Amino acid sequence: MAKLVECVPNFSEGNNKEVIDALGQAISQTPGCVLLDVDAGASTNRTVYTFVGSPEAVIEGALSAARVAGQLIDMRQHTGEHPRMGALDVCPFVPVMNISMEECITCAHVFGQRLAAELGVPVYLYGEAAREESRKALPTIRAGEYEALPEKLAKPEWAPDFGPPTFVPRWGATVTGARTFLIAYNVNLLCTKELAHRIALNLREQGRGINQPGRLKRVQGIGWYLEEENIAQVSTNLLDFETTPLHAVYEEVCRDAEALNLPVVGSQLVGLVPKKAMLDTAEFYIKKEKLFILEEEQKIRLVVSRLGLDSLSPFHPRERIIEYLVQAGEVDTGLVAKPLGAFVRAVGGRSAAPGGGSVSAAAAALGAALGCMVGLMSYGKRQFEELDPIMRKLIPPFHQAMDELVAMVDADSRAFSSYMEAMKLPKSTSEERERRMAAMQQGLKTAVRVPCALAEKVSGLWPALKELARHCNLACKSDIQVGAKMLEASVFGAYFNVMINLKDITDEKFKLAMLQKVSGLLEEAKQGSSFVLALLEKRAA
């Protein structure tokens, strides 16, 4: 799969539509760049662009936009609520898919060097790309903002990483770097800028200084006023949403606002957000309010409602969640995206993949789906009301497994393809033959691990399926029976696929471990299926 980098340049212009559009066109017209989002703010006088592409493409896209900014933005005329120090204020590179942080650091270095050379402007490195510990934090570099640059650049300790240590009045200075996914998140308040900033100081990690740290780790914050919306905001950057999630920021702002008798009127996400950040917040409110929600779409809707993400403008998940945007741009989405008839014909084609492994994964997914269906058919109805607490516990494992097992349909096909590609490697010299053999052995091990993982995933469903058989709506008896046999058949398929590839592996320790594991999982599947069928027959008698 292709390497995918996200680039999020912040330009110091949020009002002039011609300039905003010209910068966006410079990015979108760069080959290999996909512009995902443009978020302009009038009061902040700043526009955040989000685009993705290969490492080489995003560097070119950022440089194209910077050239346009050099012609159209004049920092001598700039004012706005957001801290800034340059026409292109900050330009981070973020790993999205199949790429390491080290490669994003390289992107920042290459971009910074070329920007400085082409435009003759000072460039600083921050975040993971920083060469000095003191320059890791963006607010530290940006302290004093544009207005402080003449004095700052004259100090040896603030010499830029690239470019001249001289003040360029029209441009200012640029900060570039590499970081994990940052979420720009603002909470709306009906109050003054000063009160909003007071709450921001309470929460942000930096707090009010070394002796007065804030309550939330890995969070930056400031209070400001949006004239165009006539509201104040606690504006935050979540540097690590797994350390401090979205709901933690919102709930803490609400807590401080309540203490000050201030109304919170929703919140705002600026730019894009990872799906996991939204789902983590959904799980928080589901647990807090004892809700029962399975579907991803409904979980996202819950978050939009609880955080008031549509308070200032409509929140369209397909346009704001990065995974959805990336998926929308993909052409080949694999076997699971095919209609059922096309998938069956692909299996029936004259090729080794997709084969028994993919079919086994599909059977397992259908078995889990039937378990989910039987649970839902036994839930939320007056005649089965006493079963609701039980079904709330039993349904989620099947729903989760259903999606995970579907993904294994393509995983198995890819695993076998890696072995086939290894077989095509050159074998003219002894070194080539050695490399080819090592790649083939690695390919075989992968082709064994994938079906074994499938059998392990099914193994985790037997306790829930047995409990479901004890309590479910007996009108669904045949459905759970079919589900049990589908799950059992999928483990048989996994066993056969492990065995056929295991025989050619030379690592005897690996062979023994895999054989013992898959044999145990097969025996468990046989017993689990028999138990479920016998229990259902006993209940129906």
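Let's start at R142, a buried residue whose relative accessible area is 10%. Remember as you look around that this is a predicted model. R142 belongs to helix α4, which covers residues 138-142. Which residues is R142 in contact with, once its neighbours within four places in sequence are left aside? They are R46, H82, P83, R84, M85, D89, V90 and K152.

Several of its residues are buried, including L246, V249, Y250 and V253. What do the buried residues of α7 pack against? Their partners are the strands β8 (183-189), β10 (231-238) and β11 (264-270), together with the helices α6 (193-203), α8 (275-288) and α9 (296-307). Just after α7 you will find N261, which takes a positive phi of about 60 degrees.

Next, let's look at charged side chains. Side chains of opposite charge can pair when their charged atoms come close. How many salt bridges does the structure hold? There are 33 salt bridges. One of them joins E251 to K288, with the closest N and O atoms 3.4 Å apart. Because E251 sits in helix α7 and K288 in helix α8, this pair ties together parts that are 37 residues apart in sequence. E251 is partly exposed at 24% relative accessibility, and K288 is also partly exposed, with a relative accessible area of 47%.

Helix α8 takes part in another such link. Here K299 forms a salt bridge with E283, and the closest N and O atoms are 2.8 Å apart. K299 lies in helix α9 and E283 in helix α8, so the pair ties together parts that are 16 residues apart in sequence. Is K299 buried or exposed? K299 is buried, with a relative accessible area of 14%, while E283 counts as partly exposed at 36%.

A salt bridge can also sit within one helix, as K485 and E488 show: they are three residues apart in helix α17 (residues 477-502), and their side chains meet at 2.7 Å, N to O. About one helical turn separates K485 and E488. An α-helix has 3.6 residues a turn, so residues three or four places apart point the same way. Even so, K485 is partly exposed at 42% relative accessibility, whereas E488 is buried at 9%.

Finally, salt bridges can join up: E60, R67, R114 and E118 are linked in a network of them.

Key
Residues numbered from 1 in each chain as written. Predicted model: local features only at pLDDT ≥ 70, side-chain atom pairs only at ≥ 80, totals over all residues. Heavy atoms only, no water. Helix = DSSP H or I, 4+ residues; strand = E, 2+ residues; numbered from the N terminus. Buried < 20%, exposed > 50% of the residue type's maximum accessible area, 1.4 Å probe, protein only. Contact = heavy atoms within 4.5 Å. Salt bridge = Lys/Arg side-chain N within 4 Å of Asp/Glu carboxyl O.
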